[in-house]
There are 4 protein chains.
Amino acid sequence: TRQMTKREDREVYVRTTLRELLVYAIFLVDLCIITFGMTSPTMYYYTKVLSELFLDAPYPDTKNTFRGSTQVLDFWRFSENILLDGLYWEHWYDVSATDTTKDDRNILYENRLLGVPRIRQLRVHNKSCEIPPDFQRVIRQCYSEYSPTSEDHAEFSPNGENTTAWKYFSEKQLNGSVHWGKIAHYSGAGSYVDLGSNRTTTKNILAELRDKLWIQRGTRAVFYDFTVYNANINLFCVIKLVFEFPATGGVIPSWEFRTVKLLRYVTPNDFFVLACECIFVFFILYYIIEEAIEIKALKWSYFKSTWNILDLLVIAISLLCIGFNVFCFFTISSKLQELLEDPNIFADFEFLGYWQIQFNNAVAVCVFFAWFKLFKYISFNKTMTQLSSTLSRCAMDIAGFAIMFFIVFFAFAQLGYLLFGTQVRDFRKFMDAVFTLLRTILGDFNFHEIEEANRVLGPIFFICYVFFVYFVLLNMFLAIINDTYSEVKIEIANQRNEFEIADYFKRGYNN
Amino acid sequence: TRQMTKREDREVYVRTTLRELLVYAIFLVDLCIITFGMTSPTMYYYTKVLSELFLDAPYPDTKNTFRGSTQVLDFWRFSENILLDGLYWEHWYDVSATDTTKDDRNILYENRLLGVPRIRQLRVHNKSCEIPPDFQRVIRQCYSEYSPTSEDHAEFSPNGENTTAWKYFSEKQLNGSVHWGKIAHYSGAGSYVDLGSNRTTTKNILAELRDKLWIQRGTRAVFYDFTVYNANINLFCVIKLVFEFPATGGVIPSWEFRTVKLLRYVTPNDFFVLACECIFVFFILYYIIEEAIEIKALKWSYFKSTWNILDLLVIAISLLCIGFNVFCFFTISSKLQELLEDPNIFADFEFLGYWQIQFNNAVAVCVFFAWFKLFKYISFNKTMTQLSSTLSRCAMDIAGFAIMFFIVFFAFAQLGYLLFGTQVRDFRKFMDAVFTLLRTILGDFNFHEIEEANRVLGPIFFICYVFFVYFVLLNMFLAIINDTYSEVKIEIANQRNEFEIADYFKRGYNN
Amino acid sequence: TRQMTKREDREVYVRTTLRELLVYAIFLVDLCIITFGMTSPTMYYYTKVLSELFLDAPYPDTKNTFRGSTQVLDFWRFSENILLDGLYWEHWYDVSATDTTKDDRNILYENRLLGVPRIRQLRVHNKSCEIPPDFQRVIRQCYSEYSPTSEDHAEFSPNGENTTAWKYFSEKQLNGSVHWGKIAHYSGAGSYVDLGSNRTTTKNILAELRDKLWIQRGTRAVFYDFTVYNANINLFCVIKLVFEFPATGGVIPSWEFRTVKLLRYVTPNDFFVLACECIFVFFILYYIIEEAIEIKALKWSYFKSTWNILDLLVIAISLLCIGFNVFCFFTISSKLQELLEDPNIFADFEFLGYWQIQFNNAVAVCVFFAWFKLFKYISFNKTMTQLSSTLSRCAMDIAGFAIMFFIVFFAFAQLGYLLFGTQVRDFRKFMDAVFTLLRTILGDFNFHEIEEANRVLGPIFFICYVFFVYFVLLNMFLAIINDTYSEVKIEIANQRNEFEIADYFKRGYNN
Amino acid sequence: TRQMTKREDREVYVRTTLRELLVYAIFLVDLCIITFGMTSPTMYYYTKVLSELFLDAPYPDTKNTFRGSTQVLDFWRFSENILLDGLYWEHWYDVSATDTTKDDRNILYENRLLGVPRIRQLRVHNKSCEIPPDFQRVIRQCYSEYSPTSEDHAEFSPNGENTTAWKYFSEKQLNGSVHWGKIAHYSGAGSYVDLGSNRTTTKNILAELRDKLWIQRGTRAVFYDFTVYNANINLFCVIKLVFEFPATGGVIPSWEFRTVKLLRYVTPNDFFVLACECIFVFFILYYIIEEAIEIKALKWSYFKSTWNILDLLVIAISLLCIGFNVFCFFTISSKLQELLEDPNIFADFEFLGYWQIQFNNAVAVCVFFAWFKLFKYISFNKTMTQLSSTLSRCAMDIAGFAIMFFIVFFAFAQLGYLLFGTQVRDFRKFMDAVFTLLRTILGDFNFHEIEEANRVLGPIFFICYVFFVYFVLLNMFLAIINDTYSEVKIEIANQRNEFEIADYFKRGYNN
Ligand SMILES: [Ca+2]
């Protein structure tokens, strides 16, 4: 009877777990619908056509592009040609052809420019760095690398113009935010000009800036900011084109095209997603209560199970997302009202765009974690147990070995960074070196670059790395897993067959 | 004697199997001759020269090509230069040189254009999508993404021209079919123009279309359709050049070059293949009878063997192919007669080209499956048994693990899609993300793109993926196979040596 | 004492083997000196500068190059610009500058053009193929793919010119040889013109050919042949530039740059190599005698050892090479004499160049095999035994599995060829498909091409291939080796330690 | 009690080791701070902008670049356009715009050119090589490949000019040093010209050199040397642009951009690093004493431990670095003084740049070795022991197998070199072939190049290599490690648990 009771207990357990699994599956499907409803391949194409328009168009003289810009002159080439052509579409097909009507005067004929673009500059002040004593006699100007503390707050107009272009405005005044560029984090401050709403105005503004040498030795970054909206597909694209002027001279271009769906509930499809989101909210409430009960029951021991931690994580992220979504819903409308009333002001969607992206990412991570909980319910099947217990049992050894592995790995990464960092792009920062060596294991590397950077140590470094890490260390992972699998398989073969989920279904079928 | 009988039984069995193997080998050789007779490297070169002619020729002003087209203007550049130059070869070498005679007036001097090309356009109607309330005051036109339901059926000629270019024709009227484009499935309907049979006519037609703004905001796709025939090598190439105009603005070019051998029996070689095809038909009849007998004998248990399922599959595909071949033989001739009588109509080979390709694919899959049946006869040899039983025994474990593996894998793919989908081409759809992650395992990936799309989550995603999937999970496959192989080898070593195929030959040799 | 005798026997054996090893090592070193003396990095640079000169120079109008040629017009662009500029260097730096003196009038200022270049054409005759009945009314000309049997032997001059350019000469008349092109094997026959020895003459010859439409529909290949010699480094480069005109239309360029050292004994270094070659001859004689003795002693059982087969192979290749070297030495001088007497004839070094390359390859293969004999002497050391016996023991299993593996592999290759052959370069022939799938295992593949060729079957094919071959089958190799290694290690651990080579040295040291 | 004593002994041992570990960790952190303080991502960007400026700027006519230069004419194109534009920035943005003030007249507006650039040429004399007897009648000039012994010491001015450009100066006179070029090691001797400090002067100098045919057949290398300094980031870049003129004709460009921080102590950050360096010196003193004591105690047995050898190595490298650093500190200042007094002389920073790079490399290698000593302290933890003893135990087998592996590997490399060396860049030298085959294992190879070089032996070579090395031999590494791991794990499981480091902490916690 003891045997029987055990069997009955187990049956109850199985039934409970199955019910839990079912509920969880519905939750997961709901979550997937929401995430897949949030994004669409169209968003990629939107990013693509806009980025091609601005980044890949060749300059008329040098055939260089925004992406390939390397000198100050390229900045002006971009501004006076590509930017003007890309923003203002006042003709059909080409200049010789018919004018577009006011309603068709859109970027690529389909995308409305919201407000006017803004160009902003950040400068550092002279003497922001120390000239070594040896040179102080011959070099008198020194503009350090950008840092918020060395920003130049002075006016710098050559003839005392009183426009925003030549004055400094703080981040607060501009309502700006920090931008993470390629070589520094730039504050939202600086001098700015709002461009015109048609081609001629903008052209004149830019010509004036160029004539008066707006870009100077102290300039460290110039930003173009604007937002376009496509009514066909109801998407915003918040665009930021950045020219960084490092202290080394030259120009480093970068960009951001944030394609976001700020107005989330317009089409019937959108309302279906809204319904799913409501269901999701109920699910979250349900799980909050469940976990609360469990915490009360188990106290501290609750936090010892990884599954519970996973649950809490998912709930926390979900709450965050719900909160943000509600907040957005109310802000965007008022923002748009304001903008549409005066179309000649700069439309600052940076904040909304940035947080919408963070929201999307949070939801994505949430659903990723949610998937892993499936493994909790998988342990019924014998084959699965065998595999998952192999993984969990060798976790310690894998982790132990991973530490050894990564000491060697990071030693190599540091060596690579120090040996090749000044010459090879993929080793220019320590983290880059880490990723480069990781990619080397997968077969994605550039041996010739390393060899060129150091013709003796480069190849030696490469051979040592491949021999130790690829030939020797990597095989340890396999040895560990292989060995553990054999052990686990023998053990499980010796165990009595427990009441399996399959049995449960068989019984139901026989009755 | 029991021993002896068993031995004799086995001998009979071996002899039968050998005979079966021989027959099957002949079948397989016959099948290979047919498939290799169907295709030839020339077909690749034919596709190559024609696609280079249209896709890689640079536009005279921007040096861009069809493949690189991104704007509406590129469509006109292509039509007015590359297309005209590619279709009409009215001079030897270059314009200053001698005119070609009528018989040499072929594409690349060798390929006859059949009939005239057709250009067709699909448009969506204005108000085919909903403008969000916030924008309804300032944006009044809205052309949704293409879907058959939002096609514009209205005439749209600016001055009331009464040509086919400005009217809508249904798919049935045009005898068209659905085309699977890059961003949508397009119906065979729309407005069309049949171009001229010489350069001047076509040039005028295109100039008129451009002047009257044939491409408008509602345009969602433009198709060029034509077919060329090369008598030297007796091949048709059914060409379709597509410009998709997504709702995002811009242009996405795509193409289809279907090189097919529609007239299958012309040269002596072809008649040899025909003979093989006849033999093939007899084989299929033989196998149909054989399987029918087996089904009758074994009833339902017949369907439990994978080998039998394989047999049925091969037979089914074969019958399909035979049927199609017969159908084709009779249609093509009549089609060609019609066309050659009036060379100024559009030659619609799309249907024939499409199904010929499907036929080729079906035959290819058929022979692929046929090869696998060889493994049925391989079990005689001990080493082979050892290997194949390893594979079959670990199949369950592999499958079980594959499920676990793919849950993790798809969780990563979904995460990748949601995080990078709007920025990176390789993650733009969920299935693309799946393939991208699969290719990452093989070492084909672009880390910098991921990093650029999201500078924080990108690298974290990559490291987690490589660590779990490449270092840990992938090694499980090996552990499973390794362990099973050891087991199987021990077992087989313990078995008594059975009468092997080698013994059979040895005995024959000794007698 | 029996123990002792055995030990003594073994000691004798060890001593003999060591002596043999020493002799063999000297042989190997000698062989390496010869091979490394035969080639040098300079040869690569020579090939490089000459191929860059002709293949990578952009055409003045289209900026296309020889490598990228796709149309008949590109042939003329090449001939009238790149070829003329590449062959005749009559000025320093550029045209505006000083003339070069006669002695400096070399290609790239350093390479003497030997004799004059020859241009040769191969044509097929009209009606060389059958036009399908359906088309016979409208298509009257048909030029098949090239095959020696369909060569056009007729004169084809438009106005009855009586030059070699318009007549057919047989392979024998031209003293030519077969050329293995990209799409066919071309005979050495055809019509030819010998170009001039200065720019103006050649320019006129080419202009005449173009005007009179030398390249016609029946043209299937055009060859440029010439040889340059660099006295600085004493190297010849036999150059062949080929334009193939496939029956599909268009042009497929190919080339051969055979850099060879025909005059082998000039510098002191060369004479050192000559000395080594003499030693090599003695070695070969020694080994011939040794093997002859062994064969006499062992009779048929001699041929059962792989080591002996290897010995015979090395000897055979060596004899061949020696023979060729002697032959060359005598021919080249007379050839050169003849040429230098009349510098205005065509210098045909094709035969010598071809066989010199074959000679180099034969020597390379010879030394490759020679290295493997080292393994014969390695079995003294225990660790080595363990490893080499693992390999030799699992050889059978590996081979057995390799058969299974390759059945699956070739089935995939055939499927790939049939599905993608008409669209994707890497699958255009069956052998290409085989190599492409092999490269896929190593991580070198182009998924997007496959996907584009067939959007449904392409990805399915790829996934199946990767799953079966990469995840499952490849691991079998490892399982087999892994298992065998464990077995061998246990066995060897159980063996008594034999008298090892290390002991031999230790003993010598102690005495 | 014996048990207890042992336990106590062990406790003492653990405590000592922990203290040692702590000291070592501090040492390591200090070392890392120094190395990371020595370099920064800015250095990469500095190298990048300067190399882009000179190497990637297109020539006005051919659009070729320095990197792509192949002919003598490209040398003049570079000198007269890119070099002039890159060195002299006498205008803002472009020529039509304002002049720059004297303080802004910097390369890329930020980098001061130190002194004037120097152009230097190395020539070999005529008759430096032997013309084969067959050719002696027709070829009279012969300029061998470069070697110091065949340098031409004669004057070579056409009209007897008496400038440095046409005279030979020895390495000593020029204070030069050997340069390791792409195809030879060049001495520091030759003829040179110091260019001007403004655009016009330099332009005239170059024009004169060109007119008088400075580059002749005997020219084997031309060097541009100059140094720029950026005060903003306190970095020097020592630039060397090299045109090698091989004896084959043509041009092979190469370059060196040595970005170094010669003035090491300027900013507060620098002084923090200086402090760390002082601490480092004390550490080294401490370790020298420690090791000296150990050596005294252990005598010869000291040198048997790899850990001790590692210690000595680290100490030796450290001492070297310290010495160099002190030397540099004193030389640089005097060097700069001299230069700044007369800005019109050539600033020779080659020596300092070269040794600074060597210093950086030495420090990098030092810290790399230092990391490995961590493994000495890791043996406390059981999992770690298991892993590290696996590695150390299979080291012998791995090494033994590595020998076998590399015999096969080098045999393949030699074969590859001999078969493809004259055609394929990646096989042009034996060492290149070795690296190419190594990269092939990792999946980075170019099959098409091999196939093109030899259409028969290329694919056979590739298949054999992949089959033996990738499929078979590589798996041996795994088999060895796998087997050893199983053994070690069983052994350790059988051992009694020793007093572990974890216990130590637990005890401390309990008390
Ligand atoms: Ca790879």
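Predicted model: local features only at pLDDT ≥ 70, side-chain atom pairs only at ≥ 80, totals over all residues.

Visitor: Let's take the place where chain C and chain B meet: how many residue pairs are in polar contact between chain C and chain B?

Guide: Between chain C and chain B, 22 residue pairs are in polar contact. On the side of chain C that touches chain B, α3 (72-87), α9 (382-420), α10 (430-442), α11 (447-453) and α12 (457-494) each bring in at least two residues. The largest share comes from α12(C), with 19 residues. Sorted by class, this side of chain C holds 47 nonpolar, 20 polar and 18 charged residues.

Charged side chains also pair up across the boundary: there are four salt bridges between chain C and chain B. You can find a salt bridge where the side chains of B:E110 and C:R220 come together, at 3.9 Å from N to O.

Now for the extent of the whole interface. In chain C, 85 residues are in contact with 89 residues of chain B. Together the two chains bury about 7,900 Å², and 66% of that lies on carbon and sulfur atoms.

Finally, look at how the copies are arranged. Chain C superposes on chain B by a rotation of 90 degrees, with 0.1 Å of shift along the axis and an RMSD of 0.1 Å. This is the relation of a four-fold axis. Within chain C, the C-alpha nearest that axis belongs to C:G443, 3.8 Å away from it. Only 5% of the interface residues of chain C are also interface residues in chain B, so the copies meet through different surfaces.

Conventions
Residues numbered from 1 in each chain as written. Chains lettered and ligands numbered in written order. Heavy atoms only, no water. Contact = heavy atoms within 4.5 Å. Buried area = accessible area lost by both parts, 1.4 Å probe. Polar contact = N/O pair within 3.5 Å; in protein donor to acceptor, adjacent residues only side chain to side chain. Helix = DSSP H or I, 4+ residues; strand = E, 2+ residues; numbered from the N terminus. Nonpolar A, V, L, I, M, F, W, Y, C, P; charged D, E, K, R; others polar. Least-squares fit on C-alpha atoms with pLDDT ≥ 70 in both.
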